[in-house]
Amino acid sequence: MLGICPHCKIKLKEPPFRDRETNEVMIVMIYRHKVDANLEIKDIHEIGYCEICKATEKDIEEQRVSVNC
């Protein structure tokens, strides 16, 4: 996984952190549970946050802007 959420592709060790999950083990467990149980992982834009790491659309955009500077 190398420090990236498998669903929203946010870098786990880069800010903003807010209330999102950054522990890779927990993220893998949540992701594997959904995949193994054939549960649909909803689109981030549909619900406003990542179901796997809980990053919001704003978090993803802020990180994208700060990393690209």
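Guide: P16 lies in the segment before α1. Helices (H or I, at least four residues) and strands (E, at least two) are DSSP runs, numbered from the N terminus. The model is predicted, so local features need pLDDT of at least 70 and side-chain atom pairs count only at pLDDT 80 or more, while totals for chains, interfaces and linings use all residues. Residues are numbered from 1 along each chain as its sequence is written, and side-chain values use heavy atoms, with hydrogens and water left out.

Visitor: Which residue does a cis peptide bond join to P16, and what is omega?

Guide: Most peptide bonds are trans. The bond between P15 and P16 is cis, with omega at about 5°.

Visitor: What radius of gyration does the protein have?

Guide: The C-alpha trace spans about 40 × 25 × 20 Å along its principal axes. The radius of gyration is taken over C-alpha atoms, and the globule rule is 2.2 Å times the number of residues to the power 0.38. For 69 residues, a compact globule would have a value near 11 Å; the protein agrees with this, at 12 Å.

Visitor: How many residues make up the largest nonpolar core?

Guide: Nonpolar side chains tend to be buried together in soluble globular proteins. A nonpolar core here is a set of buried Ala, Val, Leu, Ile, Met, Phe, Trp, Tyr and Cys residues joined through side-chain atoms within 4.5 Å; buried means under 20% relative accessible area, exposed over 50%, and partly exposed in between (1.4 Å probe, protein chains only). Buried residues make up 26% of the 69 residues. The largest core includes C5, C8, I10, A55 and I60, and its residues number eleven.

Visitor: With which residues is A55 in contact, leaving aside its neighbours within four places in sequence?

Guide: Contact means heavy atoms within 4.5 Å. A55 belongs to the largest nonpolar core. Leaving aside neighbours within four places in sequence, its contacts are C8, I10, R20, Y49, C50 and I60.

Visitor: Is D59 buried or exposed?

Guide: D59 has its place in helix α3. Its relative accessibility is 2%, and D59 therefore counts as buried.

Visitor: With which side chain does the side chain of D59 make a polar contact?

Guide: A polar contact is a pair of N or O atoms within 3.5 Å; within protein, one must be able to donate a hydrogen and the other to accept it, and residues adjacent in sequence count only if both atoms are side-chain atoms. Leaving aside neighbours within four places in sequence, D59 is in contact with I10, P16, R18 and R20. The polar contact, at 2.4 Å, is with the side chain of R18.

Visitor: What phi does R18 have, although it is not a glycine?

Guide: Most residues other than glycine have a negative phi. R18 is found in the segment before α1, and a relative accessible area of 48% makes R18 partly exposed. Its phi is positive, at about 35°.

Visitor: How far does a polar atom of the side chain of K9 lie from the backbone oxygen of P6?

Guide: K9 also lies in the segment before α1, and it has a positive phi of about 70° although it is not a glycine. With a relative accessible area of 55%, K9 is exposed. Between a polar atom of its side chain and the backbone oxygen of P6, the distance is 2.7 Å.

Visitor: What distance does α1 reach from its first C-alpha to its last?

Guide: Helix α1 covers residues 24-36, which is 13 residues. The expected span of a helix is 1.5 Å times one less than its number of residues. The expected 18 Å is close to what α1 reaches, namely 18 Å.

Visitor: Which residue reaches the backbone nitrogen of V25 with a side-chain oxygen?

Guide: This contact is at the start of α1, and the oxygen comes to within 2.8 Å of that nitrogen. Just after α1, N38 takes a positive phi of about 55°. The residue at the start of the helix is N23.

Visitor: How far apart in space are I47 and V35, C-alpha to C-alpha?

Guide: I47 is placed in helix α2 (residues 44-47), and it counts as partly exposed at 29% relative accessibility. I47 and V35 are twelve residues apart in sequence, and their separation in space is 19 Å.
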